[in-house]
Amino acid sequence: MTQKFSLNVNGKIHTVDADPDMPLLYALRNDIGLNNPQFGCGLDQCGACTVHIDGQAIRSCSMPISAVGNATVVTLSGLGTPEQPHPLQTAYVEEQVPQCGYCVNGWIMTAAAFLAGKKKPTDAEIKQALKGVKCRCGTHMGILRAVKRAAAMMG
Ligand code: FES
Ligand code: FES
């Protein structure tokens, strides 16, 4: 049986009619039309579906829509704008990181939550924070450069 859920996503309230167990990812992509969070594994294993929930990096494929409540959801398209990109978005472009691009959402959203709470991280701290995110194209060295560049921009 479906219920109505009000979701605060990127500063706007969206009402979604859904089964309480439906993953938040499906609501974001199919009901709200935000396609930055990707369906990768659907099993909490790759990070492609990551969003911020009250500032924490959360894998939306494994979070039921009924668990979101009044929390604030931010997706990659809410992180920055073309006019005012997040430093990670700028760094990704400057370092020319993506190949196929499928994983980009997961890396940037995970790294953004990490950098929000960590100034001047070491390489080891960055690798530890991002170790659960997958890139099948092997862009890992570029990702590390981009996160370090963004960290320097964020002071
Ligand atoms: S799609 Fe969510 S962790 Fe892989
Ligand atoms: S750029 Fe293709 S999976 Fe990472």
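Predicted model: local features only at pLDDT ≥ 70, side-chain atom pairs only at ≥ 80, totals over all residues.

Trainee: Is N105 buried or exposed?

Mentor: The cut-off for the buried class is under 20% relative accessible area. N105 has a relative accessibility of 3%, so this residue counts as buried.

Trainee: Which residues have the most contacts inside the largest nonpolar core?

Mentor: That core has 25 residues. Helix 2 (76-79), helix 3 (87-94), helix 4, helix 5 (123-130) and helix 6 each supply at least two of its residues. The residues with the most contacts inside the core are L88, Y92, W107 and V147.

Trainee: Which helix gives the most to this core?

Mentor: Several helices supply at least two residues each, among them helix 3 and helix 5. The one that gives the most, with eight residues, is helix 4.

Trainee: With which residues is V147 in contact, leaving aside its neighbours within four places in sequence?

Mentor: V147 is one of the residues with the most contacts inside the largest nonpolar core. With those sequence neighbours set aside, its contacts are L88, A111, L115, I126 and L130.

Trainee: How many residues does the second, separate core have?

Mentor: This second core is separate, and its members include V9, A27, I32 and I53. Its residue count is 18.

Trainee: What is the angle between the planes of Y26 and F39?

Mentor: The count of aromatic pairs comes to one. Y26 and F39 form that pair, with 6.5 Å centre to centre. The pair links distant parts of the chain, with Y26 in helix 1 (residues 24-31) and F39 in the loop between helix 1 and strand 3 (50-53). Their arrangement is tilted, and the angle between the planes is 40°.

Trainee: With which residues is G155 in contact, beyond its neighbours within four places in sequence?

Mentor: G155 lies in the segment after helix 6 (140-153). This glycine is partly exposed, with a relative accessible area of 43%. Beyond those sequence neighbours, G155 is in contact with K119 and K120.

Definitions and conventions:
Residues numbered from 1 in each chain as written. Chains lettered and ligands numbered in written order. Heavy atoms only, no water. Helix = DSSP H or I, 4+ residues; strand = E, 2+ residues; numbered from the N terminus. Buried < 20%, exposed > 50% of the residue type's maximum accessible area, 1.4 Å probe, protein only. Contact = heavy atoms within 4.5 Å. Phe/Tyr/Trp six-rings, centres within 6.5 Å; stacked < 30°, edge-to-face > 60°. Core = buried A, V, L, I, M, F, W, Y, C linked by side-chain atoms within 4.5 Å.
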